[in-house]
Amino acid sequence: MAARVERSTTQEILGILPLQDAVLFPNTVIPLAVVKKPGIALVEEALREGKQIGLVALKDKDIEDPGPDDVRRIGTVGTIQKMLKVPDGTLRCIVAGSSVFHIDSFTKTTPYLAGTVHELPDVTVETESSVAMHRNLATLFQKLLGYLPQAPREMEMEVNNITDSNLLTYFIASTMRLDTADRQGILEERNTEKRMRKLTMLLTKELEVVELGHKIQSDIQREMEKNQREFYLRQQLRAIQDELGETDPQQAEANELRKKIDEAEMPEDARKAADRELDRLSKVPQASPEYSVIRTYLDWLVQLPWSKETNDAIDIGEARKILDADHYDLEKVKDRIVEYLAVGKLKKKLTGPILCFVGPPGVGKTSLGQSIARAMGRKFVRLSVGGVRDEAEIRGHRRTYIGAMPGTIVRALRDAGTRNPVMMIDEIDKVGSDFRGDPQSALLEVLDPEQNNTFRDHYLDLPFDLSHVLFICTANQLETITPALRDRMEIITLSGYTEFEKLQIAKRYLLKKQREANGLKDSQAQINDQALRTIINDYTREAGVRNLEREIGTVFRKVARRIAEEPRFKARIKPETIVEYLSKARFYNEVKKRMASVGVATGLAWTPVGGDIMFIETTAMPGSGKLVLTGQLGDVMKESAQAAVSFLRSRSIELGLPDDYFAKHDLHIHVPAGAVPKDGPSAGIALATSIASLLTNHKVDSNLAMTGEITLTGQVLPIGGVKEKVLGAKRAGINKIVMPKRNEIDLDDVPKEVRDTMTFVPVEEISEVFEQAFGKRMITRVLLGEEATKSDKVVPMRRTAKRAEPKRTPARRRAVVVSRKAQPAGVSSPSP
């Protein structure tokens, strides 16, 4: 084994010509177009003085005026063999490469680049491995040439005649389709064996791509030949059928479609489009992909109910009976539905706003739509749009797309078979949007009675009259519905059920439904009222009845299993035996346990699934006056906490605190559960009460919950969601609620059986809240000062702007709490 180093003479200083997207190899030639002034000057001087030039590739081919840092350091010495000057002043050259060099330093940059260089010889080690690699490289290249019909056959002969491995690598690299980086890598590799190995990898990769392309082309050619053959055979078959007098299958299919078009009773626009597409279908071969596209489109046209509709049989009395039979209570909702139907009966057409039922899960929104359809004698279809983010789901895809189909509205009409069904759009508040469009914007036209008579689906591309459809929407919350869409609907709110209402729903509907679902008879499984109340309170805590039905089903499944094992078994389920079927209770009243410490107050919250209580905890520690808020609180709730702290800091003297208490202590307010986001201003008075409890070392009444917004002057402002919050407090075992006085009117929406069992204290100022939370004596002693008495001179905490108003005595403050006689039915107050 011997190492052979090939050398060639080079000049010490060379003019450098940068190449934008090319690499020159030794013993190869390259055509060049020299268009820039430095390059033109270099080429002209080299020809004039008989010099060689150095050709190097640019690091970035987009560089307009390259400098020393923009060119690669390794290039090829070139000799200009031919030069042609074109009229525009640029040069066309043929340059032959000789040896490889390395730029040591640049000696000048104008009028062209020049530098000191030294030669980089090839390092060739002749071994059996290198010989095998040489032969393999030549074979691979010849194989590649076989897939390239445009390549001249002389190249294959040239490869066979090259015995020098260096010449072979340079020849193949200069003729292959490689990018500049790969070419430069081949040039810079001076070890011949390593260079052959690198080139073999690139050649193998290129060969795989070419073979794959050749295979694809062959498959396409075979498919085209197959289609041509089928077309020829079909033409022959058609000629034979004509001779025998048999019917053409394609013509028979067209006749059948024409008959369906006549029966569909389409509007004029739709009929013209159907006839036009049918004419195209008769001219397109069945083997053509266009045939199936046209056929599918015509199938959709003939299946739509353009003129089919059901006759409305609106009987107001019967409609009320159906609603009462299907749903317990919901009197306001039922009245509004009956009014809607009555107006439609008088006008002979149901027009007006789109109804939208809003409420927590499980309160009967979807089943109300089914009852309306049954009361009117119409078909009922339901669309769930929750999670829909593509506008094409509503309007459909255009026929230019493969697999295109109409949107959900048109598909629902096809399924209904009539043009006037009751169509329920479920979960409309959960419609999303992304780069594919905004489905809520598409629903604007669908749910607008003034526009939907010309609804145009993208797939059909024809107007369809949706004004006969009775649309009903459902949602859990309104905040996520756009204002424009919300404006097109009449909102009907369904709040959560009380314990009594859940009991009645279970007795009237759920027990019977679950017995039938589990194959039981009435005599085989009975659950008494107290057991049902136990399930409602200890195993479910929800606004609706979905989990209640699920728990009843669990009980009946276990009973069914027991009866299958013991056929004579009969279940009589009582509160004492309910644990045998449902294991331990899942919920329990933790209010008293959580309220056993100072610094804890009970607030009320509204959620999309109903009202609930929340505990607000406050603690203090030595520090520098910081306020720490935890529990995933939103910006509005954080501001409420800051307002409560500021109010109490302004009353630090009345609280009996040292002047520097807040400067030397940090307050930490936490609202469990920490994983649940919370926001809104309604927890203001609860936050203030929690902080006051800590500062005064007085516990808050454990039977008391509160809701209301607080201001810096101590006023209590109104809030929303009163009914849901009251029902949530009732489910949690709270019997007394402090609320803003301006929300008293909202108590009319609270069921009477709840109002009769709870105490409601309307307040206007935070001092009245503290009076209910801590008691009158503590408020008089701490908040009003030790010297305060029961005389008329005692002044409660009020806004500064009202200091001049008549002073309120303790007797007058007590009068703020409404009496049972002075309030509407169901509003109660604490005993005097």
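Visitor: How do the axes of helix α10 and helix α11 cross?

Guide: In this predicted model, the axis of α10 (residues 316-326) comes within 10 Å of the axis of α11 (residues 331-347), and the two cross at roughly 150°.

Visitor: What makes α10 roughly antiparallel to α11?

Guide: Angles over 145 degrees count as roughly antiparallel. The crossing angle is roughly 150°, so α10 is called roughly antiparallel to α11. The crossing of α10 past α11 is right-handed.

Visitor: Which residues meet where α10 passes α11?

Guide: From α10 come I316, A319, R320, L323 and D324. They meet residues of α11, including E331, K334, I337, V338 and L341. Sorted by class, this contact has 7 nonpolar and 6 charged residues, and no polar ones.

Visitor: How do the axes of α17 and α18 cross?

Guide: Helix α17 (residues 499-517) and helix α18 (residues 529-539) have axes that come within 10 Å and cross at roughly 115°. This crossing, too, is right-handed. In α17, the residues E499, K502, L503, A506, K507 and L511 take part, meeting D529, L532, R533, I536 and N537 in α18. The classes here are 5 nonpolar, 1 polar and 5 charged residues.

Visitor: Why is T180 called buried?

Guide: Buried means under 20% relative accessible area. T180 has 14%, so T180 counts as buried. You can find T180 in helix α5 (residues 180-188). Leaving aside residues up to four places away in sequence, T180 touches D21, A22, V23 and A57.

Visitor: What makes C93 and C356 buried?

Guide: The limit is again under 20%. C93 has a relative accessible area of 3%, so C93 is buried. C356 is at 0%, and therefore C356 is buried as well.

Visitor: How many helices and strands does the protein chain have, and what share of its residues is buried?

Guide: The protein chain has 29 helices and 26 strands. Of its 832 residues, 47% count as buried. As for contacts between residues at least 6 apart in sequence, 73% join residues at least 24 apart.

Technical notes: Residues are numbered from 1 along each chain as its sequence is written. This is a predicted model: local features need pLDDT of at least 70, side-chain atom pairs count only at pLDDT 80 or more; totals for chains, interfaces and linings use all residues. Side-chain values use heavy atoms; hydrogens and water are left out. Buried means under 20% relative accessible area, exposed over 50%, partly exposed in between (1.4 Å probe, protein chains only). Axes are lines fitted to C-alpha atoms, for helices over the stretch in contact, and angles run from 0 to 180 degrees between N-to-C directions. Helices (H or I, at least four residues) and strands (E, at least two) are DSSP runs, numbered from the N terminus. Angles under 35 degrees count as roughly parallel, over 145 as roughly antiparallel, 65 to 115 as roughly perpendicular and the rest as oblique. A crossing is left-handed if the near helix is turned anticlockwise from the far one by less than a right angle, and right-handed if clockwise. Contact means heavy atoms within 4.5 Å. Ala, Val, Leu, Ile, Met, Phe, Trp, Tyr, Cys and Pro count as nonpolar, Asp, Glu, Lys and Arg as charged, and the others, Gly among them, as polar.
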